[in-house]
Amino acid sequence: MLERTGRLLHFLRERKLECAVIKDVHTIRYLTGFTGDSSILYVDEKQLVLVTDGRYTEQARSQMKLCKVLEYKDSIWEAVAGLVGEALAVGFDGDAFSYTEAAALQELLREPMVSINLTGLRIVKDERELRSLWEAFKIADGAFNRLLPEIKAGMTEKELAARLEYYMRSLGSEGVSFDTIVASGARSALPHGAPTDKPVEVGDFVTFDYGALYNGYHSDTTRTVVMGMANSWHREVYTVVQEAQYRGIKAARPGMTGRELDHLVRDYIESRGYGEFFGHGLGHGVGLEIHELPNINRRGDRVLEPGMVFSIEPGVYIPGRGGVRIEDTVVLTAEGAKSLTTLPKSLLEIV
């Protein structure tokens, strides 16, 4: 935690800020280990103070070793303003504040606060974080492997999603990383198709996009299977996506940008005649949030570094017919990208 706090203080010094007021629960957890919410972290060169209420006081004291705990009674903003005191250069993570919250705090301070973006502090994962990520993916892989032998025509998308979530929980997941996606048949052309009462049928593509949580860290995996024997169209579309994803993982390396990686994979899909059917970005960072930096898309201008963790998830979605997405989350090393999932990616026929 000391190293993480040191990076934050360096960030503040570079911007000539005397202190920072942080509301984002993920950043607070990253810096202190506190897993509650409804709290504010105050940081300056001399101290870290978590301002919270009686619901979280004991939890905070038990979870944090290097951070003081200040329990407020009436107004959290008055308590925070008391810590800021006479400081003139105050940073705050503006994206985490509502307009009303920011206005309430600002009214109590001498000078306008400066909005800062702290998500970049978490962009390179340390060994402790990577261990949690590996465990999350181990749970998710195990759950999907349990589900596969049970998939049968006639089961509904909702039933399949519920079973997958149950298996993740039973293997130790703290919850789900996001609302599980199960989309079959023509609905598999919906990149974020929420599960419905539709039964899966022979001839359907069925896409599963799911994730487990371990120690606050998310996993994110997508696999697409075919109900019954695959026909030539199934094989053609699946092979295009499979090759595109392989090329993305193979090409990922430190020094390139997320935009360059997205462009490389997108060019291949376009060369196969399916460019108009791949509309979303190639990937996103994964960690304490399911979507975080770095961006692996047309806006991804950040240079990729070893220790960054992000998804590579090309897809082809043909309206009215169906679609395929294959997604691995990878950790970037000096030698290239290493997948955090162990699941195979060959076309799987559920017969």
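This is a predicted model: local features need pLDDT of at least 70, side-chain atom pairs count only at pLDDT 80 or more; totals for chains, interfaces and linings use all residues.
Local features need pLDDT of at least 70 and side-chain atom pairs pLDDT 80 or more, while totals for chains, interfaces and linings use all residues. Residues are numbered from 1 along each chain as its sequence is written, and side-chain values use heavy atoms, without hydrogens or water.

Strands are DSSP runs of E of at least two residues, numbered from the N terminus. Two of them pair if DSSP finds at least two bridges between them. Strand 5 (residues 90-92) runs parallel to strand 6, joined by 2 bridges. F92 has S115 as its bridge partner in strand 6.

Now turn to helix 8, residues 232-251. Helices are DSSP runs of H or I with at least four residues. Helix 8 has 20 residues and spans 28 Å from first to last C-alpha, close to the 28 Å expected at 1.5 Å a residue. That expectation is 1.5 Å times one less than the number of residues. N231 caps the N-terminal end, with a side-chain oxygen 3.0 Å from the backbone nitrogen of W233. Buried residues (under 20% relative accessible area, 1.4 Å probe, protein chains only) in helix 8 include W233, V237, V241, A244 and G248.

Helix 8 packs against helix 9 (residues 258-271) at about 155°, with axes 9 Å apart. The two helices are therefore roughly antiparallel, a term for angles over 145 degrees.

Technical notes
Buried means under 20% relative accessible area, exposed over 50%, partly exposed in between (1.4 Å probe, protein chains only). A polar contact is a pair of N or O atoms within 3.5 Å; within protein, one must be able to donate a hydrogen and the other to accept it, and residues adjacent in sequence count only if both atoms are side-chain atoms. Axes are lines fitted to C-alpha atoms, for helices over the stretch in contact, and angles run from 0 to 180 degrees between N-to-C directions. Angles under 35 degrees count as roughly parallel, over 145 as roughly antiparallel, 65 to 115 as roughly perpendicular and the rest as oblique.
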